[in-house]
Amino acid sequence: FSFSKRSFGYIGKKVLITPPLRLSNPRNIYLYDNTYLSDATIGATHAKFILKKGAGAAGGLHINTGNHAMIVGCFHALITDDDKPEGYDKDIVVEEDVWMGCNVTLLSGVVIGRGSIVAAGAVVNKNMPPYSVIGGVPARFIKFKWTIDQILKHEEILYPEQERFSRKQLEEIFK
């Protein structure tokens, strides 16, 4: 790799990265414990990409924390990242235990909820709830991965009590 661990915003324990890896501004990339990426393109020039513990992606992940700006009197091709008005770049957060299939694209500002599955080829342009199955272009919520009881059991095994969803929280999410 042409990137050192120190060039990233953060890299946790047991992070697996399979080349090729194309990055803009690795300082804005945060990869937490037990995560993995394969053949990824991460554009994080002015906002962060955060991959939380236990999450990963198959080959072809595309991350774009920014949007193109349109400025009156300026050709869009001449607008640089530094010219963009505030608010065009937003963090992308992939919560814990998320699996993303091949060729997934995450666009500026999205949060993928804990325990979710993102189907191959999905283009995610809005936030998705925890433990959901997500797919399509643009991506949409398809269904919940498990029942509330299954999620509670899963969380009991993996998370300390203070980090777990409660039954009441999950019932609200399922509405």
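Mentor: Asn103 sits in the loop that joins strand 9 to strand 10 (105-107), where strands (E, at least two residues) and helices (H or I, at least four) are DSSP runs numbered from the N terminus. The model is a predicted one, in which local features need pLDDT of at least 70, side-chain atom pairs count only at pLDDT 80 or more, and totals for chains, interfaces and linings use all residues. Residues are numbered from 1 along each chain as its sequence is written, and side-chain values use heavy atoms, with hydrogens and water left out.

What draws attention to Asn103 is its backbone, for its phi is near 60 degrees, a positive value in a residue other than glycine. Most residues other than glycine have a negative phi. Asn103 counts as partly exposed because its relative accessibility is 48%, and that class lies between buried (under 20% relative accessible area) and exposed (over 50%), with a 1.4 Å probe and protein chains only.

While Asn103 lies in a loop, Asp39 lies within strand 4, which runs over residues 36-43. Asp39 also falls in the partly exposed class, because its relative accessible area is 27%.

Most peptide bonds are trans. The bond from Pro19 to Pro20, however, is cis, with omega near 5 degrees, and Pro20 belongs to strand 2, made up of residues 16-24. A cis bond also leads from Val137 to Pro138, with omega near -5 degrees, and Pro138 is placed in the loop between strand 14 (132-136) and strand 15 (139-144).

Phe8 counts as buried because its relative accessible area is 6%. Phe8 and Asn25 are 17 residues apart along the sequence, yet in space their C-alpha atoms are 8.1 Å from each other.
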